[in-house]
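Subject: the model, and what turned up in it

Hi,

Here is the structure I said I would pass on.

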Amino acid sequence: MKYAANSGLNMDVDIARIQVLSKTLDQRAEDPSIGDRVLAKSGLSRSDIAPPATAYSAHKEALFVRYACDALNDITFSASAGLGFRSSSSLTAYISKYSRDLKQVVENSSRFHGMIDPALYFSLRVSGNFASIEADWKDASFARYHRRTEFLIFAALARIRSLTQTSFFPIEIRFQHEVGEARKEFQKLAGFPVSFGAERLEIILTLSSLDLPVPTYDPSLREHLLSYGDRVQAKSDQPAQKLRAQVEGLITRSMPGAIIQADDAASNLGMSPRTFARRLNNEGTSYREIVEDLRCDLAQTFITNGMPLSEIAYSLGYADQPAFSTAFKRWTGQAPSTFRTRLEP
């Protein structure tokens, strides 16, 4: 048995994910060259995602799903591809395969979250008459990649179905970002309630579903893999996030509305303004540049999501829509309305 163990908070994820994404894009695209173009735009090639490769960059994954959705002009592509993610060769996938039931799957996934994804970790919350698989940001700079978030949550649902060998349906899936009228498309794809603009990123399920058995349960293999997983985690090198990623997380969490000021960001991170500026400079950037890059990136995502321009202006901390439109034209060379029109079929 061969499995890929992605260690700690590095930025690599299971290669099986991009293989599913790439295959789904190839099947959906009318032009066979689209897959190669999206890979290249994301900084990848066919050889990068073919055996013997076992892992690839989470950031490149985020770019791939974004560009794939754009290429197909289908905001639900990543969610649809996630529903096709049914198998994996990662260590955590094997631990899940030999777990007793869905509750144990979630608990073990939470235990080894560092091997699953560098941006999110999952935890189980039981409250009243329902349970919730909650996803929390450990690197909030990834919160801007809405399509990747949708892919991961729907992929989690697909893995639950595969592991339990059932057509499991949750009560609801909740996302923190907004997609405007596109929520109807996600609802149609899912076949159950999907909410946006929620307080938490989570999958809501019945208490009884936690008892869903995993038919491949093997206690001896599970214990062996749990022991191995503990050793991998103990040895794994967990590099600190770059300061830029921490700053992007602070800015993202301060939205919608006023953007956190540089001095406040420095204080939040336990630095003086001068040290803060110097460390950013050492990374080749500045606070203003980070804010502008993040605003530009989110603005395009929000427009793609179908948000009204007035709401986008407020969310990004602009005094009014004209101020936002001026900034957007400076970033992209076109007005927001022109950018939106270009996206329409």
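Below are my notes on the open spaces, the aromatic rings and a few backbone details.

Before you dig in: this is a predicted model, where local features need pLDDT of at least 70, side-chain atom pairs count only at pLDDT 80 or more, and totals for chains, interfaces and linings use all residues. Residues are numbered from 1 along each chain as its sequence is written, and side-chain values use heavy atoms, with hydrogens and water left out.

**The pocket**

A quick word on terms. Everything is done on a 1 Å grid over the protein atoms alone: a cavity is a set of points where a 1.4 Å probe fits but cannot get out, a pocket is an open set with protein on both sides within 12 Å along at least five of seven lines, and lining residues have an atom within 4 Å of a point. Grid points are joined across faces, edges and corners, and a volume is the space filled by probe spheres set on the points.

The largest pocket holds about 580 Å³ of space. It is lined by 22 residues, and the closest to its centre are Gln176, His177, Thr252, Met255 and Pro256. Two or more lining residues come from each of α7 (146-164), α10 (243-254), α13 (287-304) and α14 (309-315). (Helices, H or I with at least four residues, and strands, E with at least two, are DSSP runs numbered from the N terminus.) By type, the pocket lining splits into 10 nonpolar, 7 polar and 5 charged residues. Here Ala, Val, Leu, Ile, Met, Phe, Trp, Tyr, Cys and Pro count as nonpolar, Asp, Glu, Lys and Arg as charged, and the others, Gly among them, as polar.

(The expected span is 1.5 Å times one less than the number of residues.) It is mostly covered, with 13 of the 18 residues in α13 buried. Buried means under 20% relative accessible area, exposed means over 50%, and partly exposed is in between, using a 1.4 Å probe and protein chains only. Just after α13, Gly306 has a positive phi of about 90 degrees.

**The cavity**

How many cavities of 30 Å³ or more does the structure hold? There is 1. The largest cavity has about 470 Å³ of space. Of its 24 lining residues, Ser109, Ile116, Phe122, Ala156 and Arg159 are the closest to the centre. The elements giving two or more residues to this lining are α5 (91-97), α6 (102-111) and α7, and α7 gives the largest share, 6 residues. The cavity lining divides into 15 nonpolar, 5 polar and 4 charged residues.

**Aromatic rings**

I count 12 aromatic pairs in the structure. Rings of Phe, Tyr and Trp (its six-membered ring) pair if their centres lie within 6.5 Å; planes under 30 degrees apart are stacked, over 60 edge-to-face, and the rest tilted.

Phe169 and Phe192 have ring centres 6.0 Å apart and planes at 85 degrees, so the pair is edge-to-face. This pair links distant parts of the chain, 23 residues apart: Phe169 is in the loop between α7 and β5 (172-174), and Phe192 in the loop between α8 (183-190) and β6 (194-195). Phe169 is partly exposed at 49% relative accessibility, while Phe192 is buried at 5%.

Phe328 and Trp331 are another edge-to-face pair, at 6.3 Å centre to centre with 70 degrees between the planes. Both lie in helix α15 (residues 321-332), 3 residues apart, about one turn of the helix, and both Phe328 and Trp331 are buried.

Elsewhere, Lys41 lies over the face of Tyr67, at 4.4 Å from the ring centre. (A charge sits over a ring if NZ of Lys or CZ of Arg is within 6 Å of the ring centre and within 35 degrees of the ring normal.)

**Backbone details**

The peptide bond from Pro51 to Pro52 is cis, with omega near 10 degrees; Pro52 lies in the loop between α2 (34-41) and β2 (55-57). Asn73 has a positive phi near 55 degrees, and this residue is in the loop between α3 (58-72) and α4 (77-82). Gln165 likewise has a positive phi near 55 degrees, in the loop between α7 and β5. Asn73 is partly exposed at 41% relative accessible area, whereas Gln165 is exposed at 55%.

Cheers
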